[in-house]
Amino acid sequence: MRLVGYIRVSTGRQLDGYGLDVQEKHVRRWCREVGHRLGRTIYRDEGRSGTLESAERPGLADALTEIEDGTADGIIAPNLDRFARTLVVQEAILAQIWKHGGRAFTADSGEVHPDDPDDPMRTAMRQMMGVFAQLERSMIAARLRHGRREKAEQGGYAYGAPPYGWRAHQKEPAEAEAEQAGRARARQLRDEDELSFREIAAVLEAEGIRPKRGDRWHPETVRRMLANPTDKPPILYPRQRTS
């Protein structure tokens with residue numbers, strides 16, 4: 001069976017250790033063990049939430065297009081929550097796959113089967129997995145909000161790692177000179193030379209301009225960097241003292 005791979009992380013820096021490289025290894029290993037043929041391209045969405053619909057995730061949209069036009073027979077992801085982190089989005093994506101005659105697989109549990117009127121438990125178990133993925137996301141978000149509130153009350157910078165071009169300095173963001181030069185170079189390549197995000201990534205690497213983390217640029221990282229001309233993080237003001 002011809003399968004198209006799909007992997008995703010919600011942020012440029014995946015906090016749970018399940019980054020894109022690890023996800024790709026799991027997908028490739030599963031295909032080898034089961035005997036399915038994996039397409040040349042494994043589509044990826046970097047910095048895209050699992051709450052977004054397929055149209056808002058370029059990588060997923062491209063993967064689904066291969067199923068719709070018959071290039072692939074199905075799609076393989078590391079696990080179900082790479083497809084979605086909410087039940088509604090999960091079911092919509094799976095319905096889109098099945099509508100076009102495709103099959104859905106995950107490396108951790110095999111095929112995700114469509115509904116069977118004679119086996120209602122199948123649907124219930126699949127949807128329960130979606131509910132728990134949604135719950136996990138909500139709990140993570142709640143912990144982050146709580147941590148940020150505590151840090152803000154102490155007068156610290158509470159917005160996580162600043163985006164490319166910025167660094168945290170005391171209670172507010174400050175420009176990172178080398179990264180600002182990288183942003184300017186990427187903008188020049190886009191506006192003046194009209195290069196694609198993939199081409200810009202290649203030029204930045206060739207010129208020794210490195211991303212904030214790692215050694216390689218991904219086209220989606222370039223796209224997000226250029227989406228906002230300033231992309232300056234919010235200023236965090238220290239706690240107001242009461243008498």
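My entries follow in the order in which I looked things up.

**Ground rules.** I am working with a predicted model, in which local features need pLDDT of at least 70 and side-chain atom pairs count only at pLDDT 80 or more, while totals for chains, interfaces and linings use all residues. Residues are numbered from 1 along each chain as its sequence is written, and side-chain values use heavy atoms, with hydrogens and water left out.

**Overview.** I began with the secondary structure and found eight helices and seven strands in the protein chain. These are DSSP runs numbered from the N terminus, with helices being H or I of at least four residues and strands being E of at least two. I then looked up burial: of the 243 residues of the protein chain, 39% count as buried. For this, buried means under 20% relative accessible area, exposed means over 50%, and partly exposed is in between (1.4 Å probe, protein chains only). Contacts came next, meaning heavy atoms within 4.5 Å. Among those between residues at least 6 apart in sequence, 63% join residues at least 24 apart.

**The sheet.** I traced an open sheet of five strands in the order S2-S1-S3-S4-S5, with mixed pairing. Two strands pair here if DSSP finds at least two bridges between them. Which strands stand at the edges? They are S2 (37-46) and S5 (110-112); each has a single partner strand, so one side of each is left without a neighbour in the sheet. From one strand to the next, the twist averages 30 degrees. I noted that helix H2 (residues 58-68) packs on this sheet and touches S1 (2-9), S2 and S3 (74-77), with its direction at about 150 degrees to that of S2. Axes are lines fitted to C-alpha atoms, for helices over the stretch in contact, and angles run from 0 to 180 degrees between N-to-C directions.

I followed S4 (residues 103-106) to both of its partners. S3 and S4 run parallel and are joined by four bridges, and there Ile75 stands opposite Ala104 in S4. S4 and S5 pair in the antiparallel sense over three bridges, and they form a hairpin with three residues between them. Across that pairing, Phe105 stands opposite Glu111 in S5.

**Rings.** I found three aromatic pairs. Rings of Phe, Tyr and Trp (its six-membered ring) pair if their centres lie within 6.5 Å; planes under 30 degrees apart count as stacked, over 60 as edge-to-face and the rest as tilted. I looked at two of these pairs closely, starting with Tyr6 and Phe83. Their ring centres are 6.4 Å apart and their planes are at 5 degrees, so this pair is stacked. Tyr6 is in strand S1 and Phe83 in helix H3 (residues 80-83), 77 residues apart. Tyr6 counts as buried at 0% relative accessibility, and Phe83 does so at 1%.

Next I checked Trp30 and Phe105: centres 5.5 Å apart and planes at 45 degrees make the pair tilted. Trp30 lies in helix H1 (residues 20-34) and Phe105 in strand S4, so this pair ties together parts that are 75 residues apart in sequence. Both residues, Trp30 and Phe105, are buried.

**The core.** Which residues have the most contacts inside the largest nonpolar core? I listed Val4, Ile75, Phe83, Ile93 and Ile97, in a core of 19 residues. Such a core is a set of buried Ala, Val, Leu, Ile, Met, Phe, Trp, Tyr and Cys residues joined through side-chain atoms within 4.5 Å. S1, H2, S3, H3 and helix H4 (87-99) are the elements that give two or more residues to it. Leaving aside neighbours within four places in sequence, I found Ile97 in contact with Leu64, Ile67, Ile75, Gly102, Arg103 and Ala104.

I looked at helix H8 (residues 219-227), whose buried residues are Pro219, Glu220, Thr221, Val222, Met225 and Leu226. Their cover includes S2, H2, helix H6 (177-191) and helix H7 (197-206).

In H6 I stopped at Glu179. Is this residue buried or exposed? Glu179 counts as buried, at 17% relative accessibility. Beyond its neighbours within four places in sequence, Glu179 is in contact with Pro163, Tyr164, Gly165, Trp166 and Lys212.

My last stop was Glu194, in the loop between H6 and H7. Its phi is near 55 degrees, a positive value in a residue other than glycine, and Glu194 is exposed, with a relative accessible area of 67%.
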